[in-house]
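Please read the following points beside the sequence and the model.

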Amino acid sequence: MWLHVTLNYTSAVELKGVGKWYSEILAVDNIDLNVKTGEIFSLLGPNGSGKSTTMKMLLGLVQPDGGSVRVLGIDVQKDPVAVKRQVGYVPESPRLYEFLTGIEYLDFIGDVYGIVTEEKRNRINEYLKALDLEGREGDMISGYSQGMKQKIALISALIHRPKLLILDEPLNGLDPKSARIVKDLLHELKGQGVTTLMSTHVLEIAQAMCDRIGIMYQGRILALGTMEELRVRASMPGSGLEDIFLKLTGAGDIRAVVEELLK
Amino acid sequence: MNWKNVAHLINVDRKSGRLIRGQRLTKYRESKLLTYIVYGGSLAFGILAGIGAGFIYNSVAAIDPQSKALFDQGLQSVFLSLPTLVLIYSLVFTMMQQIQRSGVRFSIQAPYWLPITWEEHTVASAFANLLGFPLASILFTGSAIIVASIFMNQVAYAVVTSIALVASAFMASVLTEIFRVLQVRFIGAIYRSTGRAAVWVRFAGSLLFLITFYIVYLFLTGAGAVNFVQTVATAQSTIWFVPFVWLSMTLYSFMNGLILQTLVFLTISVLFMVSLFYAAVGLNRRFGLYEPPAITVSRGTYVPRAGLLGRLGFSTAEAALIRKDLKAFTRRRELMFIFVVPLVIIMAPLMQAFSSTGRPTPSEAFPFLFAVVFLMPGAVVALSLGSVMIGEEGGAVWRIYSSPISAKSLVKSKYFFMIFFSALMTTITGIIGFLAFHPSLRVVLTALTVAFLLMFALSSISLANGIKGADFTELPRPRMIRTKWSLINLLLCGLAGLAILAPQIPVALTLIAPTSLLPTIDPNIALLISAGIALVITLAAYRLATRNAQELLTRAET
């Protein structure tokens, strides 16, 4: 079981005035964001809106040009290793060590996070069984399908019982059963105080899973809140997330685009 | 056959070749100036060489008419052996290109789902293999012999020889295509049949292949080249039944006025080339998209093992990194060169010392040859290993960035791996050297100490540079280190190596010429000075490596 911990912070993630430039391109534009402890929070936005950059800044993988980033009460720039120890991360397209077998990779991850041998074995076996990787764990990862690689990446993010999960498109390539297991698992973890910050392009998932949603566009957070708050913000009572998203990001007139393509 | 498709595919291959060489592609349509310079230059140099040879021929003929006949005879031998030589050299060269393209499969897969036939793909691949050095050398050779033959009144022979050269090079390129496809299929079959041992079979097989290939390559381009050319020139008429010499046999028959024989060899040469091409097309159609089966390394219940590294004072994360790297270097083909390089290095002095054809090295030089065999492999391994230790992580480097691994731990684990590996290589090559040269105990101990000093110093320098210049690009070929930093590394390691070896030079000179007036130095003091220099370099470079790693981890942006 996941350990319940006494926390001396209320926000798992706290961004204040954070900005990031890539040469001439403004990837993240002075954003403020608070993700509460035990919350499932989703960042949505079109491609290139700054979601992945924001997530990478939380781990210290990208240095912000301005503002402050605190994760689990720790200043990321001051002590990134302490943050990484308590965070599980899955990037958008996780590249794994393809020359290792699935089990060797997870063993490596377990050792990197300093998990005790017996516990490491139990956890690895549990996850392999749950995500239907039993029987293939001894194969080199180079022979795995995209979905199997994603499962290994997800297990490696969960195996050390992190307090915060940063998941960039976590359900990419997963089969329905595994996707359901991951979704249920995230809900269970939320009950145990684990915070999840994820990004997804599948808006139904965000709507069904997340407590709050932030919509990013051109590096800024356009809207932030629960589904109800977003509906109010978009003046679209009763609407689904897809309609709200398209309206807020200015991509509402889809019909005209399709008609133009069919000409 | 749609030749437009062929041209597009050749262009894709050419661009992928440029990426392999580390050049950046900035535009879709690029300037062809460099291409014109390379091929035009080859042609121009060939013409100049031909004119030069023609003038020499005329001068010799004017002085001594008897030499003229010998010259003519020699020229005909050259004409006859050229197609076979071009075939062999082109084969080795194009095979070498394929070896370098371990990751290129992914970048050239796109054409497979476009409306392109296997014939178009195969012919494009065969032509693309010829671009660059092979084509330039054919242009040079062809223009040189045609121009020279004008002076020698053998233009017809030269033109026919030039056509045969192009055909030979094409044949070599098609053969490479066949080998490439067969190799993929063959390896797949091995993986399936060897089961869990596949990973070690692949390791041993790759090493064996690389070593054999490099020996052949060194032989053909090194001291054996002249002997080889002479052998080819004389032996091919006795092995006329081998299809690969039929082009030369066509030339031979033509030069001797044997019209029927010429026609027969020409026909069967063309038929052989066409068969080779369709064999390549057929193999591509059958196995071109073949994916080797997954390698199963382990089966059964997973039991984590407590490692020896933990008892040596490494944290679990550091030990995990070392174990991971060990698997990387024994399982990734592009990293296996590390095992091959030391063995290739020691081959040259060994072949020289015990040469059966050339002049053997006098036994007085054996202690120095032993020192080369002992010092060089470990030093070269340290130098090359360090420069790729971080870059080899490739796209998976995010795992290091996002894990709780400090800069100190990263450098410590990588450094230990390098030292362990270099020491292992030094031990192996040292044993080979000891058995070959029987040096005294003193020479062994001195070489061993200096080898370790070099290893420690060069490892820390190259690791510092490898971190600073890490290149995580993986396609079309893993780059691992940027060219600029590779050169800086080479320079700094060379200087450090010289500094460490400098105190040993007077000792070595005293051994060569004991009675000379050269300054003398006590060998123990020389060793102490070398150790002092190595210690300073090691410590300074290690600190620099840690600082570079810190920078790498905090500026991880990928």
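1. Beyond its neighbours within four places in sequence, B:L454 is in contact with B:L375, B:G378, B:A379, B:G497 and B:I500; contact requires that the C-beta atoms of two residues, placed from the backbone, lie within 7 Å. This is a predicted model, in which local features need pLDDT of at least 70 and side-chain atom pairs count only at pLDDT 80 or more, while totals for chains, interfaces and linings use all residues. Residues are numbered from 1 along each chain as its sequence is written, with chains lettered from A and ligands numbered from 1 in the order in which they are written.

2. B:L454 is one of the residues with the most contacts inside the largest nonpolar core, which has 148 residues. Such a core is a set of buried Ala, Val, Leu, Ile, Met, Phe, Trp, Tyr and Cys residues joined through C-beta atoms within 7 Å. Buried means that 20 or more other C-beta atoms lie within 10 Å of a residue's own, C-beta atoms being placed from the backbone. At least three residues of this core come from each of domain 1 (3–22 + 31–287) and domain 2 (308–554) of chain B, with bounds from an automatic or database domain assignment.

3. Another core, of 50 residues, lies apart and includes B:L91 and B:V123.

4. Buried residues make up 48% of the 263 residues in chain A.

Notes:
A residue is buried if 20 or more other C-beta atoms lie within 10 Å of its own, exposed if 12 or fewer, and partly exposed in between; C-beta atoms are placed from the backbone.
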